[in-house]
Amino acid sequence: MLKVLPKQTASMHTRDGVRLDADIYRPDAAGEFPILLMRQPYGRAIASTVVYAHPTWYAAQGYIVVIQDVRGRGTSEGEFKLFANEIADGEDAVNWVANLPHSNGKVGMYGFSYQGMTQLYAAANKPAALKAICPAMIGYDLYTDWAYEGGAFCLQTNLAWAIQLATETARLRGDKVAYQALFTASRNLPLNNPEILQHLAPESFYHEWFAHPQPDSYWEELSPKRHLQGVDLPMFHIGGWFDTYLRGTLHLYKDMAARSTTPQHLLIGPWAHLPWGRKVGNADFGPKAASPVDRMQIRWFDQFLKDVDTGLLTEEPVCLFEMGSNIWRTFSNFPTSNPKSYYLSTTGLASIREDSGTLIENPKSKIQNCVDVLVHDPWRPVPALGGHAAIPAGVFERSHLDLRSDVLTYTTEPLADDLHLAGDIIVEIFCSNDQASYDLCAVLSEVHPDGQVYNITQGYVHCREGAKPIPTKIQLQATCVRIAKGHALRLSLSLTCFPAYSMNSGNSAINSSESLLNAQIITLTVSCGNEANSRVVLPIVADI
């Protein structure tokens, strides 16, 4: 490792004359070095050290590291508007850092969340100096990957982030009253009264996002997906099984892997959005779950910015952490093979008795032709617990939720052998309801022999009216997990997962305390047997 010079601060000007400030970390050595650029909105001194090594560590590996405040944040000039200026500003920043003293002219970018998004936007105009990126936990299509899931508004994460950004805006403006009110709200999210944002931050993106509940032209213009169609760069994609933006990471990886002529690698750990470590929620995935990302990024940048043969191009491009086994497994592509269906069977008491709803492999002769009826009371919605959409995210013991009368549970017999799952999971439910609209949440869990129940993955969908039983498809978060012999699988169904997602009034999403007045009781009927073969489709992989 090289010694590192004291941090320097430097400024550039965008094509429209706005000053952007950055901290620069340089190796204390002669010669020219590649550039690693991170562009972020939270104050450049933080430098995403909540998940990455400090920039001095990266500089010590032989890189000039530049951490830049985006427009209108930190000490940079201009007005901050979510994602609006990141294409032009990102291109200008790449060209600026490529020409810094002692630069070899090759630029890589790294960062997660907003800092991952700035990489995609900077790549959109194909600046020649940008040679490789490492986008982590991003939204490729902002509607489906970030703001909404299955057509349902991701309330808790969107509101928390909007309040965080609005609080920082108030601080930068010196608005003490707004800052204190928003800071207080951030510690006790006003989930049934988000009007505080309308009062204190009327310019927040949150209002526009909620006002566009369909994937219209607003989202198409804003999303990186539209702007990346002609881009072909080596990308190291990084995600977490309990990250709320894993959908975006996988959508980008699959799209690039299908069309790119340059290497596309994927790493998914057993992590939430942050931090990236061995423990997430109640689960401890062991020492191998500690983040390898810093060292893996250096290998990536050494390969493409220093022309060093690191050997990574001969390795399998997909690396997934298998929960339960607590090991890393490699694949030639993201797993898609060997689907197996488990079908729902019931005595009609799946919301009352744990043994009254079952998951069966061989359906025809064993499924009981019956229905389960589920009643949602808006006064006591089923609460969110862990998974990828709630705060905090991760794995939690949920048997107390499965005992509620407004949750349907379907459980397999104890498994005769270990079951390995890797890839996308789909739940298809034949159901009908008595309102114009309803939501449906599906949670897949592992049931231990002692009766404890731990969530593996979940999905959520916003549905329209169905007076007759029709198939409702729920895409669950992708996963990679080993279910141990003697344990069981359980599917839990509910009509809410609050406050992870906005509650459905029976007509539309509830976005204010006023619209809460219109919330209706919703009755859902789930059908099993005959032609209504409700099921869970699992991606089975062979043991190693």
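**Close-up 1. Pro392 in the loop between β17 and α13 of a predicted model.** Pro392 sits in the loop that links β17 (371-376) to α13 (399-402); helices (H or I, at least four residues) and strands (E, at least two) are DSSP runs, numbered from the N terminus. The bond joining Ile391 and Pro392 is a cis peptide, with omega about 0°. The model is predicted: local features need pLDDT of at least 70, side-chain atom pairs count only at pLDDT 80 or more, and totals for chains, interfaces and linings use all residues. Residues are numbered from 1 along each chain as its sequence is written, and side-chain values use heavy atoms, with hydrogens and water left out.

**Close-up 2. The cis peptide bond from Phe498 to Pro499.** Omega of this bond is near 15°. Pro499 belongs to the loop between β23 (488-494) and β24 (522-529).

**Close-up 3. Positive phi at Ser113.** Most residues other than glycine have a negative phi. Ser113, not a glycine, has a positive phi of about 60°. Ser113 lies in the loop between β5 (103-112) and α3 (114-123). Its relative accessibility is 7%, so Ser113 counts as buried (under 20% relative accessible area; exposed is over 50%, partly exposed in between; 1.4 Å probe, protein chains only).

**Close-up 4. Positive phi at Asn326.** Phi of Asn326 is near 60°. The residue is found in the loop between β13 (318-322) and β14 (327-331). With a relative accessible area of 23%, Asn326 is partly exposed.
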